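The sequence and structure are placed here for reference.

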Amino acid sequence: LVDDYQIGAPEARDPEILYLFSTMLKHMEESLQNFLHQILFGLCESTLEMVKNDDMSYPEFRAGFFKLVQNIIKHCASGLFSLEAARF
C-alpha cells in the first residue's frame, strides 16, 4: 500500500491513505515502530514533494499529511530516534 502510494502519480494518489496510516499509528502506537521508516519515506516524503512548492495545491493531502506527522510524533516518537542520523 505504501509502495503503491509512493510510486503512483500525484493525481492517482488517495489522501485517505494518509488518514488510514495516521489512525493506525494512533491505535497501534509503538507496534508500528518497525514500519516507521516505510511510512516516513513512502508516505511523508512523497506527499511533501507534492505540497512543498505551492501553498494552494492538494489541500486534501495537506491535512492528512500534518495529521500523519502529528501522530508519528505523538504515538511513535521513539521510532524517530531509532532512525539513522542522516534520515532523522
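This is a predicted model: local features need pLDDT of at least 70, side-chain atom pairs count only at pLDDT 80 or more; totals for chains, interfaces and linings use all residues.

Residues are numbered from 1 along each chain as its sequence is written, and side-chain values use heavy atoms, with hydrogens and water left out.

**Helix H2.** I took helices as DSSP runs of H or I with at least four residues, numbered from the N terminus. H2 spans residues 16-28, has 13 residues and reaches 18 Å from its first C-alpha to its last. This is close to the 18 Å expected, that is, 1.5 Å times one less than the number of residues. I then looked up which residues of H2 are buried, meaning under 20% relative accessible area with a 1.4 Å probe, protein chains only. They are Ile-17, Leu-18, Phe-21, Ser-22 and Leu-25. These residues lie on the same side of H2 because they cover an arc of only 140° around the axis, taken from the directions from the helix axis to the C-beta atoms. An α-helix has 3.6 residues a turn, so residues three or four places apart point the same way. Glu-29 follows H2 and has a positive phi, near 45°.

**Cysteines.** I searched the whole structure for disulfides and found 0; the criterion is a pair of cysteine sulfur atoms within 2.5 Å. For Cys-44, the nearest cysteine sulfur is that of Cys-76, 11 Å away. Cys-44 is buried at 8% relative accessibility, and Cys-76 is buried at 0%.

**Tyr-58.** I found Tyr-58 in the loop between helix H3 (36-51) and helix H4 (59-75). Its phi is positive, about 55°, although Tyr-58 is not a glycine.

Methods: Helices (H or I, at least four residues) and strands (E, at least two) are DSSP runs, numbered from the N terminus. Buried means under 20% relative accessible area, exposed over 50%, partly exposed in between (1.4 Å probe, protein chains only).
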